[in-house]
Structures are given as C-alpha cells and as structure tokens.
Amino acid sequence: FVEDDDVLTKPGVVRTIYDPTAGTGGMLSVAGEHLAALNPQARLTMYGQELNDESYAICKADMLMKGEGENADHIVGGAEWSTLAHDAFPAQEFDSMLANPPYGKSWKKDLESMGGKDGMRDPRFKVMHEGEELSLVTRSSDGQMLFLANMLAKGDIAAFVSNDPMTAVELAARYINDRKLPDKAIDVIDEVGAAEMLKPENKRRKVIGVKEVEAVIAKMARI
C-alpha cells in the first residue's frame, strides 16, 4: 500500500486484494490488519482461490466468524478449483495481489486438462507481444512461476514469495567448491542482483527467476 496515497489517508477508500494460493487465508488476514492499522477508515475487499479442501474450509470459516461474510463469498476453492486449470476470476483485475505458491509441485495434471503445452490457449500463459505469441508455460515438474503469470494478468502490484534463494543455495552447494555455505549462496544472490542493476533501467527485469540464478552459477563455476 506504500505507493497508494488514497488508501493510506482518505476515509471510505475501498481496495481489492487477491491471493491465488489462499491457503487458510493468513496472508489476506494480515494484509487486512495491516491496512486497518495504517488507515482504520479504509476497507479491503478480499478475493482468493484454494485447491486444498481443508484449507479452503478453514479460510471461509475464519472470515465468517470474523463477520466478513462478503470476503468469505469471494473465496473459491475445493479439489476442482485449481487456480492454474480453473481460474475463478477470469478477466478480473485487482488493486493488489500476494501469493506464497507451492514449490516444486508438479502441475502435470493441470497441464493435461488445459490441452498440453501445444494445445493450451489460456491468455494468462500464452500472450501476444508485437504480433508474436509468447509462451509463459514452465516445466510440468514445478508450476510456481505460473502463479506469478496468473497474477500479472490481473494487475500491476503483486507480492510473490519465490524459492529462487533456495535455488541459489542448492546450485551453489553443488557447483561452487572454493567457499562455504552460506557465503557462496549469498555471493550468488549478490551477483544476480548486480548483473541486473548494470543493465539499462528500461531493460531490467522486475522478477529475477531461476534461469538468471543458473546463468550466474554457470559463470562463477565455469560450467
């Protein structure tokens, strides 16, 4: 909310927030409490989607017990409601978003139900840029970055918890032998960030992913 002057200062302001991996609703609840502390007269309307039946039920129940019936109505979930394969909020945009997606979890079942890599036509993951179709589809063994693509299709302000630092740790441990952890993992993260900052501002990535980490590891370890 730091760049939203209205939500921080004006009474009666309403903003929407979305979590595509809502779990039991903890991150949404904390966001609501944080905004209330900043501006008690602002209101946050929450939206979320959760695949796990038990987590979904807890999220809904918690909101209902807090008297947040409207927010509870905006939480969609259950075994048939995979965010990747069955978007509950197509074409809807949100003021802010946040997610802590599953790491290293296969999304092969979702991929098959969406027509496979060649048959998929979901506009969240197959986008047009300057007349060319670009695929944002990742390997089926880990779908975490697809949750980020899903969020980018729904707004501009997002907080996304990624395991790329863990990737740096794992690859550093495997390929860099002249230093000890955690120093070499920290070196990798520093190198990745520095390499990005050396680029012209208009060419810097907003998100640094696994590929960038792997490229720095390859350079440092000469592999």
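I looked up which residues of α7 are buried: Gln-144, Leu-146, Phe-147, Leu-148, Ala-149, Asn-150 and Met-151. Buried here means under 20% relative accessible area, exposed over 50%, and partly exposed in between, with a 1.4 Å probe and protein chains only. Helices are DSSP runs of H or I with at least four residues, strands are runs of E with at least two, and both are numbered from the N terminus.

I noted the basis of the model. It is predicted: local features need pLDDT of at least 70, side-chain atom pairs count only at pLDDT 80 or more, and totals for chains, interfaces and linings use all residues. Residues are numbered from 1 along each chain as its sequence is written, and side-chain values use heavy atoms, with hydrogens and water left out.

Why is α7 largely enclosed by the rest of the structure? Seven of its nine residues are buried, so the helix is largely enclosed. I then checked the cover over these buried residues, which includes β1, β4 and β7. Helix α7 (residues 144-152) lies across those strands and runs at about 175 degrees to β7. Axes are lines fitted to C-alpha atoms, for helices over the stretch in contact, and angles run from 0 to 180 degrees between N-to-C directions. Contact means heavy atoms within 4.5 Å.

**Sheet order**

I traced the sheet next. Five strands form an open, parallel sheet in the order β3-β2-β1-β4-β7. Its edge strands are β3 (75-77) and β7, each pairing on one side only. Neighbouring strands are turned by 15 degrees against each other on average, direction ignored. Helix α2 (residues 26-38) packs on this sheet and touches β1, β2 (43-50), β3 and β4. The direction of α2 makes about 170 degrees with that of β2. Two strands count as paired if DSSP finds at least two bridges between them.

**Strand β4**

Two bridges pair β4 with β1 (residues 14-19) in the parallel sense. There, Ile-17 has Ser-96 as its bridge partner. Three bridges join β4 to β7 (residues 158-160), also parallel. Met-97 has Ala-158 as its bridge partner in β7, and Leu-98 stands opposite Ala-159.

**Whole chain**

The chain has 10 helices and seven strands. Buried residues make up 39% of its 223 residues.
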